[in-house]
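Thanks for coming. I have one structure to go through today, and I will keep it brief. Here it is on the screen.

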Amino acid sequence: MDAARRTILRDAVGVGVAVGVYGVSFGVLAVGAGASVAQAMALSLLVFTGASQFAFVGVIASGGSAAAAVAPALMLAARNAIYGLSLAPMLTGSRLARLLESHLVIDESTAMARAQDSPEPARTAFLFTGLAVLGCWNAGTLVGALAGGGIGDPRDLGMDAMFPAAFLALLSPQLRRPGAPRAAVTGALIAAALVPITPPGVPIVAAVAALIPAGLAARRMVAA
Amino acid sequence: MSWTAILLLAAASYALKALGAVLIGDREIRAPVRAVLDLAPVPLLAALILTQTLVSTTGAYVIDARLPAVGVAALLVWQRAPFLVVVLAAAATAALLRAL
């Protein structure tokens, strides 16, 4: 393995380990909400998109039905469709390989791929990060689900502060792209305006409207 | 907890993830569209940072230990600290403030 791939692997493992820690908090919350260990594991293996899983067990923990918990979880999962579109040119294998790799389309793998400057390392970063997160997130979930309340309240350990910190670290290398700082600020402002008036998840998906100026600029570029 | 809801959520989540690969597939994407798609995760991540720092699980704005924790994370990101350091420092900051 060459030096560039080793660096990507090291970063991917770093992200995986961090995600594994909050995987523990997911396991604790899931069994606290009434999930069996098998159900907590099914969520982390098959749903495999953290924010949606937290929303799902959160609604159930606060007394909602499982059916009522699906809608907010899907709202939060909707951003993965946008990530999938962004990553599609990077999924280059056979049809089956592409469908399997699609399961790895999440915040962390997308951000690590987008932090690379060219397609080949970007694909490597997507795969390494996706697999590292899949492994660690599920290992963490298992530990948390088995330990249950014995670990204590994940909030007391500051685990809820790990998400925004992780996303900040993932966003920062992407801000070097032209237009990225403006897209970031606009996206945050759109979300901030929608938080009080829409259900959770909607402000995040709606933030994609921040790309409209970039889209219009690109069209002008083509027309010229 | 209902297995039906879990499996339904799993199927729908996967469908969302696979949408891009199915829609775009092998097709060549024009450069300007490409540029916009490349940028797509940026506003989403920014929106996530905002909501996960300032919004409670019930969907209301709240200022708590997460805000200073993210401030510490921002300083460390700016200083190019490794990912794991950033994330653990944020957790430690929030945990410490809540223990006080």
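**Domains and contacts**

Chain A is divided by the domain assignment into domain 1, residues 3–151, and domain 2, residues 177–224. Please keep in mind that this is a predicted model. Between the C-alpha centres of domain 1 and domain 2 of chain A the distance is 24 Å. Seven residues from domain 1 of chain A and seven residues from domain 2 of chain A make up the contact.

On the domain 1 side of that contact in chain A, α4 (66–77) and α5 (79–87) each supply at least two residues. The most comes from α4(A), with three residues. What is the make-up of this side by class? In chain A, the side of domain 1 that touches domain 2 has six nonpolar residues, one charged residue and no polar ones.

Next, the contact between chains. Here 91 residues of chain A are in contact with 61 residues of chain B. Helix α9 of chain A, residues 162–171, gives the most to the chain A side, with ten residues. Sorted by class, the side of chain A that touches chain B has 63 nonpolar, 19 polar and nine charged residues.

Last, a check on the geometry of a helix. Helix α1 of chain A covers residues 3–32, which is 30 residues. At 1.5 Å a residue, α1 of chain A should span 44 Å, and the C-alpha atoms at its ends are 44 Å apart, so the two values agree. Just after α1(A) comes G34(A), with a positive phi of about 105°.

That is what I had; I can go back to any of the views.

Definitions and conventions: Residues numbered from 1 in each chain as written. Chains lettered and ligands numbered in written order. Predicted model: local features only at pLDDT ≥ 70, side-chain atom pairs only at ≥ 80, totals over all residues. Helix = DSSP H or I, 4+ residues; strand = E, 2+ residues; numbered from the N terminus. Expected span 1.5 Å × (residues − 1). Domains from an automatic or database assignment. Contact = placed C-beta atoms within 7 Å. Nonpolar A, V, L, I, M, F, W, Y, C, P; charged D, E, K, R; others polar.
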